[in-house]
Amino acid sequence: MSKALIGYILSIIALFVAIWLGVSVGSVKVPISTLWDTGADAIATNIVWKIRMPRVVLAGLVGASLAIAGAAFQGLLKNPLADPYTLGVSSGASVGAVATLFFGISVPFLGIFTLPVFSMIGALVTMLLVITFAKLVDRSMKMETIILTGIIFSSFLGSVISLMIALTGEELRQIIGWLLGSVSMRGWSFVQMALPFVVIGTILLWLNRRELNAMLFGEERAKHLGVNVKKRKMMILIGGSMLTGTAVAVSGTIGFVGLVVPHMTRLLFGSDNRHVLPLSFINGAALLIICDLVSRTIISPTELPIGVITAFIGAPVFAFIFFRQRKKGGI
C-alpha cells in the first residue's frame with residue numbers, strides 16, 4: 001500500500017471523527033444518529049441542524065481553504081514557512097473585510113457576497129504587492145526576501161486595521177468579532193456564502209497540481225517542460241487569495257493552519273503536490289473542526305477564539321520548522 005493511499009485513508013478517518021465529535025460533544029451531548037433519525041427529539045434535532053452542523057461545516061471549509069492555500073503557496077515559493085498568514089495575505093483579506101464593515105459597503109448585485117469579494121480583492125492585491133516589492137528588493141526573489149516582505153506588509157496592514165478600529169463607532173464589536181476568529185453563530189447563510197468561492201479556488205489550485213510539481217525544479221526547468229509559468233503562477237495566486245479571502249470573510253483571521261497542515265502532510269506522506277493539495281484540504285478541515293470544538297468546550301460556557309487554539313499549536317510548530325530548516329542551511 002502506497003504512502004499516499006495510507007494518507008488518504010487516515011485523513012478521511014480523522015475528518016469523520018472530527019465531524020462526529022464536533023456534532024456530538026458540547027454543553028448538551030447529542031448522539032450523531034440525530035442527523036438521520038427522523039424520530040429524534042425536536043430539541044436535539046434543532047441543536048444539530050441549526051447550531052452545530054453549520055458550525056462544523058463552516059469550520060471545515062475555513063480549515064480546508066487555509067490549508068490548501070498554504071500548500072499551494074509553499075509549493076509555489078518552495079519554502080515551508082510560506083502560508084497566507086506569514087505572506088501577509090490574511091492581513092490583506094482582513095483589511096478588505098474590515099473596510100467593508102467600517103464603510104458599510106454593500107454592492108447591490110453582489111448582495112451577501114460583498115464581504116467575501118472585497119476580502120478576496122484585499123488578499124489578491126496584497127499578494128501582488130508582496131511579490132512586486134520583493135522583486136524590487138531582490139531581482140532573484142529569494143524565498144527569505146518574500147517571507148520578510150510579507151511580514152512587513154502584514155505589520156503595515158495591521159496598523160491600518162488598528163486605525164479603522166480607533167475611528168469606528170457602533171461597528172467596533174462586529175469588527176473585533178471578525179478579527180478574533182470564530183465560526184460561532186454563523187449559520188447556514190455563511191456556509192452558502194463561502195461554498196462557491198471555496199469550490200472555485202480549490203479547483204483553480206487542483207488544476208495546477210502538476211505545474212506546482214514542475215516548478216519545484218525551478219522556473220527555467222518548468223518552462224522547458226512546457227509550463228506557462230507566468231499564467232500558472234497567476235492562477236495559483238488567484239486561487240490561494242480567493243480561498244484566504246473567503247476564509248477571513250466568514251471567520252476572521254485564523255493563523256498557522258496554512259503553515260502547519262501542509263508541512264506535516266509533506267513530512268508524513270511525501271511532497272507530491274498531486275497528493276499534498278487534497279490531503280492538506282482534508283486535514284485542514286479536520287484540524288479546524290477539532291480546534292473549534294476545543295475553543296468552545298475547554299472553559300465552557302465561555303468560548304475562546306479559534307485563533308488562540310491554532311496559535312498554541314502553530315507557534316511551536318513554526319519554531320520547529322524554522323529551526324529544522326536553519327540546521328539544514330535552507331533559510
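Guide: A helix here is a DSSP run of H or I, at least four residues long, and helices are numbered from the N terminus. The structure is a predicted model.

Visitor: Which residue with a positive phi follows helix 3?
Guide: Helix 3 covers residues 89-102. Phi is positive, near 60 degrees, at the residue that follows this helix. That residue is G104.

Visitor: How far does helix 3 reach from its first C-alpha to its last?
Guide: Helix 3 has 14 residues. At 1.5 Å a residue, a reach of 20 Å is expected. The model comes close to that figure, with 20 Å.

Visitor: Where does helix 2 bend?
Guide: Helix 2 runs over residues 42-77. Its bend is about 40 degrees. A proline, P54, follows within four residues of the bend. The bend sits at R52.

Visitor: How far does helix 2 reach from its first C-alpha to its last?
Guide: Helix 2 has 36 residues. At 1.5 Å a residue, 52 Å is expected. The reach in the model is close to this, at 51 Å.

Visitor: How many residues of helix 2 are buried?
Guide: The helix is mostly covered. K78, with a positive phi near 55 degrees, follows the helix. Of the 36 residues in helix 2, the buried ones number 28.

Visitor: Which helix gives the most to the lining of the second largest pocket?
Guide: This pocket has a volume of about 380 Å³. Its lining has 19 residues, and S27, I51, R55, R296 and E303 lie nearest the centre. Helix 2 and helix 12 each supply at least two lining residues. The top contributor, with six residues, is helix 2.

Visitor: Is D292 buried or exposed?
Guide: D292 lies in helix 12. Leaving out residues up to four places away in sequence, D292 touches R55, A59, V183 and I306. Its relative accessible area is 2%, so D292 is buried.

Visitor: Where is I32 found?
Guide: Beyond four places in sequence, I32 touches W20, V23 and S24. I32 and L21 are 11 residues apart in sequence, yet their C-alphas are 8.5 Å apart. I32 is found in the loop between helix 1 and helix 2.

Visitor: Why is I32 classed as partly exposed?
Guide: Buried means under 20% and exposed means over 50%, with partly exposed in between. I32 falls in the middle class because its relative accessible area is 22%.
The value to note for I32 is 22%.

Visitor: Which backbone nitrogen lies 3.3 Å from a polar atom of the T114 side chain?
Guide: T114 lies in helix 4, residues 114-137. T114 counts as buried because its relative accessibility is 3%. The nitrogen at 3.3 Å belongs to V107.

Visitor: What is the C-alpha to C-alpha distance between P116 and T202?
Guide: P116 also lies in helix 4. P116 counts as buried, at 0% relative accessibility. Beyond four places in sequence, P116 touches M193, F197 and A249. P116 and T202 are 86 residues apart in sequence, and the distance in space is 16 Å.

Visitor: What is the phi of F256, which is not a glycine?
Guide: F256 sits in the loop between helix 10 and helix 11. F256 counts as buried because its relative accessibility is 16%. Its phi is positive, at about 75 degrees.

Visitor: Which helix supplies the largest share of the lining of the largest cavity?
Guide: The whole structure holds one cavity of 30 Å³ or more. Among its lining residues are F256, V257, L287 and T310. Helix 11 and helix 13 each supply at least two. The largest share, three residues, comes from helix 13.

Methods. Residues are numbered from 1 along each chain as its sequence is written. This is a predicted model: local features need pLDDT of at least 70, side-chain atom pairs count only at pLDDT 80 or more; totals for chains, interfaces and linings use all residues. Side-chain values use heavy atoms; hydrogens and water are left out. Buried means under 20% relative accessible area, exposed over 50%, partly exposed in between (1.4 Å probe, protein chains only). A polar contact is a pair of N or O atoms within 3.5 Å; within protein, one must be able to donate a hydrogen and the other to accept it, and residues adjacent in sequence count only if both atoms are side-chain atoms. The expected span of a helix is 1.5 Å times one less than its number of residues. The bend at a residue is the angle between axes fitted to the seven residues ending there and the seven starting there. On a 1 Å grid over the protein atoms alone, a cavity is a set of points where a 1.4 Å probe fits but cannot get out, and a pocket is an open set with protein on both sides within 12 Å along at least five of seven lines; lining residues have an atom within 4 Å of a point. Grid points are joined across faces, edges and corners, and a volume is the space filled by probe spheres set on the points. Contact means heavy atoms within 4.5 Å.
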